Amino acid sequence: MMKKFFRFLLLLTSIAILSNAHAQGKFPDGTAISKWFETVKSTEIETLGKKFLITDFGVASDSTIVQTAKIQQAIDKAYTSGGGVVIVPKGVYLSGSLFFKPNTHLHLEEGAVLKGSDDIADFALAETRMEGQTVKYFLALVNADQVDGFTISGKGTLDGNGLRYWRSFWLRRQFNPQCTNMDEMRPRLLYVSNSKDVQVSGIRLINSPFWTSHYYKCENLKLIGLHISAPKEPVKAPSSDAIDLDVCRNVLIKDCYLSVNDDAIALKGGKGPKSDKDPNNGPNSNIIIENCFFGFCHSALTCGSESIHSYNVIFRNNTLDKARKLLQLKMRPDTPQEYENILIENIKGNVNSMLFIKPWTQFFDLKGEKDIKMSYAKNIVLRNIDLDCDIVFDVLNSEQYVLSDFTFQNLHVRAAKDPVIHKEYVKNFVLNQVTVNSKMQ
């Protein structure tokens, strides 16, 4: 009787431990998800200091006049006054590169449009981070470096005004098919770097000439309730990635709408044969992407093409409509890469390819080295997915990389073109309750 009692106590203890672990939640590597990820609060600009209305600095609502200097004057005044919120009221305001400083914030009121100039000469040319390298290039419309606690809030819009840049890019590509993304001079829309405790919420980011929003060496970053879009027609917005995370840790992307003519969310971090030795580079880790809607994009979630290590990524409770890929792993022959501990769960909708893994062949450079760099993808889990697609397992078997420890669990997929899952391409591939075209795999 006593033995049964102790067994019962042990059972209760085990249940309590498991329940606590489930309530707390864990990243794929087993580490606990902190409560920081569960706390989402609206930005309360009343708590951020004095308000600085840009129209008080002589800025007019006129989409034909570039007013960079006057808008920057409002930002500088907020900074020298000890901090505060720069307010953009209803109207359209044209600008080149703006620079936010410590203790300054940006608030876009409903109906407010901060619009980028379509003349590249209005954007600063300086050392920055671009495509996995630190180089001299054009800065963004909104820039914020070393701004712990920085916020962008409101119901207004950052408009990249990208049409002229897009047309120029495609014309250059016709003239020179080898034209790279950086050859045509284009600014980004938003660039935040070397900062902690950043929140961007509520606003629209549209029509970016290049990457829409880029975050470099940011920690504790929340992107909440954003609408990010750039067109695929009638003129494609090339390389208009919605969100690029570049050496970032602790990131929550929640309740966003993302539809661009490139990757929706891309994990960056560095490229090149010795990229893992460069202190400017590094991993992305502890990232949760949830309750988002993905319209047309090249991939909802991409690791690469400039990435050396991405891990502890959770992509859950998301809906896709017309995305080309759900998960893409870009494998560069010139870069040692590792993608691990990635969980994709509770997904519905439609895509062209569910999982896409192939060697990256565009614009790589071994920098004189003879042998390609090996890459690795491991501990990749897809579960609880209900999806219509063309291709389920769009993966090329290659000596360039090693795939291991994949799990597909509770997948219900309809494949119009290719329903085959090549288990032989992956070491330790587990399929559990996976049906493709109503057939158990």
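These legends walk through several close-up views of one predicted model.

A quick note before you start: residues are numbered from 1 along each chain as its sequence is written, and side-chain values use heavy atoms, with hydrogens and water left out. Since the model is predicted, local features need pLDDT of at least 70 and side-chain atom pairs count only at pLDDT 80 or more, while totals for chains, interfaces and linings use all residues.

Figure 1. The largest pocket holds about 960 Å³. Here's how it's found: on a 1 Å grid over the protein atoms alone, a pocket is an open set of points with protein on both sides within 12 Å along at least five of seven lines, and lining residues have an atom within 4 Å of a point. Grid points are joined across faces, edges and corners, and the volume is the space filled by probe spheres set on the points. Of the 45 lining residues, N181, S305, E306, W360 and Q362 are the closest to the centre. Two or more residues each come from β9 (133–138), α3 (163–175), β20 (263–268), β24 (309–331) and β25 (337–359), and β24 gives the most, with five. Those labels come from DSSP runs, numbered from the N terminus: helices (H or I) have at least four residues and strands (E) at least two. What kinds of residue make up the lining? It divides into eleven nonpolar, 15 polar and 19 charged. Here Ala, Val, Leu, Ile, Met, Phe, Trp, Tyr, Cys and Pro count as nonpolar, Asp, Glu, Lys and Arg as charged, and the others, Gly among them, as polar.

Figure 2. The structure holds one cavity of 30 Å³ or more; a cavity is a set of grid points where a 1.4 Å probe fits but cannot get out. About 30 Å³ of space lies in the largest cavity. Its lining is made of I54, I71, I75, V86, V88, L98, F100, L106 and L114, which count as nine nonpolar, no polar and no charged.

Figure 3. The whole structure has 14 aromatic pairs. Rings of Phe, Tyr and Trp (its six-membered ring) pair if their centres lie within 6.5 Å; planes under 30 degrees apart count as stacked, over 60 as edge-to-face and the rest as tilted. W36 and F37 are edge-to-face, because their ring centres are 4.8 Å apart and their planes sit at 90°. W36 is partly exposed at 23% relative accessible area, whereas F37 is buried at 5%. (Buried means under 20% relative accessible area, exposed over 50%, and partly exposed in between, with a 1.4 Å probe and protein chains only.) F393 and F408 make an edge-to-face pair too, with centres 6.4 Å apart and planes at 70°. This pair links distant parts of the chain: F393 is in strand β26 (residues 375–395) and F408 in strand β27 (residues 401–418), 15 residues apart. Both F393 and F408 are buried. Ring pairs also join F393, F406, F408, Y425 and F429 into a cluster.

**Figure 4. Charges over rings.** R186 lies over the face of F210, 4.0 Å from the ring centre. K325 does likewise with F356, at 4.9 Å from the ring centre. To qualify, NZ of Lys or CZ of Arg must be within 6 Å of the ring centre and within 35 degrees of the ring normal.

**Figure 5. Two buried loop residues.** Look for H298 in the loop between β22 (293–294) and β23 (299–303). Is H298 buried or exposed? H298 is buried, because its relative accessible area is 19%. Leaving aside neighbours within four places in sequence, H298 is in contact (heavy atoms within 4.5 Å) with V260, N261, D262, D263, R324, K325 and Q328. Q67, in the loop between β2 (62–66) and α2, is buried at 5%.

Figure 6. The peptide bond joining E233 and P234 is cis, with omega about 0°. Another cis bond runs from G304 to S305, with omega near 5°, and S305 lies in the loop between β23 and β24. N317, in strand β24, has a positive phi of about 55° although it is not a glycine.
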